[in-house]
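Dear colleague,

I am passing this structure on to you, with my notes below it. Please look through the coordinates first and then read the notes beside them.

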Amino acid sequence: MKMITAMVRPSKVDAIKTALVALDIIGMTVTDSRGFGRQKGQVERYRGTEFTVEFLPKARIEVVVPSAKVEAAVAAITEAARTGEIGDGKIFVSPVESVIRIRTGETGEVSL
Amino acid sequence: MHRSPIGGALSVATTFNRFRNRFLDRLQDPQLRRMAFFLMAIGAGIVPLMAGSAKAALTKMPTDGADTLLMLVGSALVLLMTPGLAFFYGGFTRAKNVLNCMMMSFFLMGLIGVLWVVIGYSLAFGTGFKSPFIGGLEFMWLNGVGGQLGDAPLADGFALSSTSFALFQGMFAIITPALISGALVERVSFKAWFWFCLIWSLLVYSPMAKMVWGGGFIGPFGSIGAIDFAGGTVVHIASGVAALVGAAIIGPRTTWPDSKRPPHNVPFILLGAGLLWFGWFGFNGASMFAAKTAGYPFLTTSTAASAGLLTWCLIEWFKDGKPTAVGAATGAVAGLVGITPAAGFVYMGPSILIGVLTAAACFIAVQVKAAIQFDDSLDTFMVHGVGGTTGALLTGILASKALVPADYFPLSAKIMEESGNFGLFIAQLKAVIFSYGFVALGTAVILWILGALMPLRVSAEDEERGLDYVAHGEEAYDPMTN
């Protein structure tokens, strides 16, 4: 199993969800977050005073998938999240040791 | 006023002037004035706001339901400005300080609401001390104000009840110290704020109201003869200057200017500005004290706000490329501040001009503040002080003679008669300078004495933690509510 963590534009969350569900990947966690990469924030103005807002709104999507589906899932997220502009985000993939479904106590891939 | 016959114009003018001067001198005769005051005091039990005149032309009127209702509705409108201001200011702070910021305004509806009827009104509109600077103690607890049923008229020439007047003025007393809070948020101790507002209201606000509106030193019955329709000096210059002095004495936030943050809730700012505009109809409109003629102050209030909003946004649009929501809210409030001293003294054109010029002046002031990095946190002086000053001076230049009747504004009308709007401008300038000096000195003395008795600001750690929790044990937004 792998954990896919994708930092993406908030406006792309729906498209990403749809793309993952189409791959039969169900269950994911989305968190509002703020961050920046090469985009380096934006300038805002209040009463003429400039504020450089370093951290821009991002969505953090966490989804755990069976190892066999990782490539397809990453491809789906990449396609759905991409605009080609700076600020599209990043995807991290990391190993997951185990998973437990709280309601039934099941473990392993079956509980994803 | 006078039509000189054709021929011998010079000698006619000289004669006219001699007659006019003698006539006007007579009007200013202190003996006569004292007698008029005395008569009025008997007639209404109060030497009233803008009432009476050396000409003694004001006649006793029965209490009018419509005029009294205007004051009661006006009072409710002005009350709503204080929570409106709390939202306006609250939107600008960080999320961890929003409750404390809003409480600095909202709490005064309790503190000043009680203080006003107990003694504040008496100090502002009583006559017991026979001083042009402070009222008296005879109206404590509103004792005797309005008679047994509270329906007695305020004074000769006025048909509103004394009780509705006392309530209306109380709403002004509440919002004025609340305005000061904008300069001090996110660092001042709530205990110090409590004592500051209590003392400032009695020692600075009530005397200001007396001097401008209560027949005192600054107003049309006093020595300067300045006019202030709804509080350009009493409310806006007073709060603005106190804010400036307060911010200078208490010092900047520890996070200023290195890690300043943008407003945490811009929709709050718009909501607050909208409530302020709505309430300002009462603030300015009801200050006419007569329902029939309240149309102009209602109109000028709104046109100036519109012009201010438009001006601020257009300046931003040209200068920075984008009109902002915060700018729209600030511009509207600037326009409202500017028209406050003028609302019942000008017609449409001047009201729009006042809105435009005040918004422009405040815009420049806010940029200057940012450039010199002075932490008047929410621009109280830059909007209310600068806006109130601009409005007060423009009132002198733009006031229409027909709207400054001699019966109600004897000295001011005399000044306009003698030296026109320029003369009135000079009177306004004197009133502004005097108000700056009086308020600055009063505020500084109060803060120095308070500062010796208790810390004026919270510790740096508490500032970091956030004043909502530190001062009130609450938080505005609980991330775990679900």
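**Notes on the model**

Among contacts in chain A between residues at least 6 apart in sequence, 69% join residues at least 24 apart, two residues being in contact if their C-beta atoms, placed from the backbone, lie within 7 Å. Please bear in mind that this is a predicted model, in which local features need pLDDT of at least 70 and side-chain atom pairs count only at pLDDT 80 or more, whereas totals for chains, interfaces and linings use all residues. Residues are numbered from 1 along each chain as its sequence is written, and chains are lettered from A and ligands numbered from 1 in the order in which they are written.

Chain A holds two helices and six strands, arranged along the sequence as β-α-β-β-β-β-α-β; helices (H or I, at least four residues) and strands (E, at least two) are DSSP runs, numbered from the N terminus. The radius of gyration of chain A, taken over C-alpha atoms, is 17 Å, well over the 13 Å that the globule rule (2.2 Å times the number of residues to the power 0.38) gives for 112 residues, so chain A is more spread out than a compact globule. Its C-alpha trace spans about 60 × 30 × 20 Å along the principal axes, and 18% of the 112 residues of chain A count as buried, that is, have 20 or more other C-beta atoms within 10 Å of their own, against 12 or fewer for exposed residues and values in between for partly exposed ones, with C-beta atoms placed from the backbone.

An open sheet of four strands in chain A has the order E2-E5-E1-E6, with antiparallel pairing, where two strands pair if DSSP finds at least two bridges between them. Its edge strands, each pairing on one side only, are E2 (29–35) and E6 (89–95) of chain A, and the twist averages 20 degrees from one strand to the next. E2(A) pairs with E5(A) (residues 56–65) in the antiparallel sense over seven bridges, and A:Asp32 has A:Ala59 in E5(A) as its bridge partner. Helix H1(A) (residues 13–22) packs on the sheet, touching E1 (2–8), E2 and E5 of chain A, and its direction makes about 10 degrees with that of E5(A); axes are lines fitted to C-alpha atoms, for helices over the stretch in contact, and angles run from 0 to 180 degrees between N-to-C directions. Helix H2(A) (residues 70–81) lies across E1, E5 and E6 of chain A and runs at about 5 degrees to E1(A).

E3(A) (residues 42–46) and E4(A) (residues 49–53) pair in the antiparallel sense over five bridges, and A:Tyr46 has A:Thr49 in E4(A) as its bridge partner. Two residues lie between the strands of this hairpin, in which A:Arg47 takes a positive phi near 50 degrees.

The contact between the chains takes eight residues from chain A and 11 residues from chain B, with E3 and E4 of chain A each supplying at least two residues of the side of chain A that touches chain B.

In chain B, helix H4(B) (residues 98–106) is mostly covered, with eight of its nine residues buried, among them B:Cys101 and B:Met103. What covers these buried residues includes helices H3 (65–90), H5 (108–125) and H6 (162–184) of chain B. B:Trp280, found in helix H9(B) (residues 266–285), counts as buried because it has 29 C-beta neighbours inside 10 Å.

With best wishes
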